[in-house]
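I opened this model to take notes on its sheet, its core and its aromatic pairs. The entries follow the order in which I looked things up.

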Amino acid sequence: MLGPRGLSASGGSRCRLVQRFWHFCSSGKSLAMSSPEQTPERRPGGSVHSKNISTVHNIPMSVLIRPIPSVLEESKVQSLMETIQRDPDLVPPIDVLWIKGREGGDYFYSFGGCHRHAAHQRLHKETIAAKLVQSCVTDLRTYLGSSTPDLK
């Protein structure tokens, strides 16, 4: 999730970096972050996880795993549906954690972007624009705790 791109999902360096960051955040210390300048190439609302990832993929909706139920505002979903129908490029991509299982399986977890996901579902879209964030099971455990599955 955090750190420079190019580290493999199974690489220990990335997981150790996330663990150190998580420890820092849970210690109660504040973290000041500056926001990048907005340019035509950078839409407002970019994620801290994917701000350095420029490649956007069309991910099949059928492969996304969303383990946490969404709490939706109907007006947001309706607005996004209208925007997607009019000009889908105006809707920012969602972040998807790409995790390799211990036997090489690919798992695609999505935690944010619930309104965008719901709008795509209701419009029966087969794919959704997403930035793939290479991750690891340790990162997933941050979100799911003891409910983290054994990924193969």
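This is a predicted model: local features need pLDDT of at least 70, side-chain atom pairs count only at pLDDT 80 or more; totals for chains, interfaces and linings use all residues.

Strand 3 covers residues 94-100 and strand 5 covers residues 127-135; 6 bridges join the two, and they run parallel.

I then looked up the other pairing of strand 5. Strand 1 is joined to strand 5 by 4 bridges, and these two run antiparallel. In that pairing I59 stands opposite I128 of strand 5.

In what order do the 5 strands lie? I noted the order 1-5-3-4-2, in an open sheet with mixed pairing. Strand 1 (57-60) and strand 2 (64-65) stand at the edges with a single partner strand each, so one side of each has no neighbour in the sheet.

Which residues of helix 3 are buried? I listed C114, H115, H117, A118, A119 and H120. The buried residues of this helix pack against strand 2, helix 2 (74-86) and strand 5. I took H117, which has its place in helix 3, for a closer look. Its relative accessible area is 10%; the cut-off for buried is under 20%, so H117 counts as buried. Leaving out residues up to four places away in sequence, H117 touches M61, L64, R66 and I128. After helix 3 comes H124, and I recorded its positive phi, near 55°.

I looked for the largest nonpolar core and found 9 residues in it: I59, M61, L64, I94, V96, F108, I128, A130 and L132. Strand 3 and strand 5 are the elements that give two or more residues to this core. Strand 5 has the largest share, with 3 residues. As background, nonpolar side chains tend to be buried together in soluble globular proteins.

I picked A130 from the core and listed its contacts. Not counting residues up to four places away in sequence, A130 touches T55, V56, H57, I59, P93, I94 and V96. I59, I94 and V96 are among the residues of the core too.

Entry 6, aromatic pairs. My search of the whole structure gave 3 aromatic pairs. The rings of Y109 and F111 have centres 6.1 Å apart and planes at 10°, so I filed this pair as stacked. F111 and Y143 also form a stacked pair, 4.1 Å centre to centre with 10° between the planes. Where do F111 and Y143 lie? F111 is in the loop between strand 4 and helix 3, and Y143 is in helix 4, so the pair ties together parts that are 32 residues apart in sequence. Y109, F111 and Y143 form one aromatic cluster.

Is Y109 buried or exposed? Y109 has 4% relative accessibility and counts as buried. Y143, at 32% relative accessibility, counts as partly exposed.

Of the 152 residues, 32% are buried. Among contacts with a separation of 6 or more, 75% are between residues 24 or more positions apart. The accessible surface comes to about 9,600 Å², and carbon and sulfur atoms account for 52% of that surface.

Key. Residues are numbered from 1 along each chain as its sequence is written. Side-chain values use heavy atoms; hydrogens and water are left out. Two strands pair if DSSP finds at least two bridges between them. A nonpolar core is a set of buried Ala, Val, Leu, Ile, Met, Phe, Trp, Tyr and Cys residues joined through side-chain atoms within 4.5 Å. Buried means under 20% relative accessible area, exposed over 50%, partly exposed in between (1.4 Å probe, protein chains only). Contact means heavy atoms within 4.5 Å. Accessible areas come from the Shrake-Rupley method with a 1.4 Å probe; for residues, only the protein chains shown count as cover. Rings of Phe, Tyr and Trp (its six-membered ring) pair if their centres lie within 6.5 Å; planes under 30 degrees apart count as stacked, over 60 as edge-to-face and the rest as tilted.
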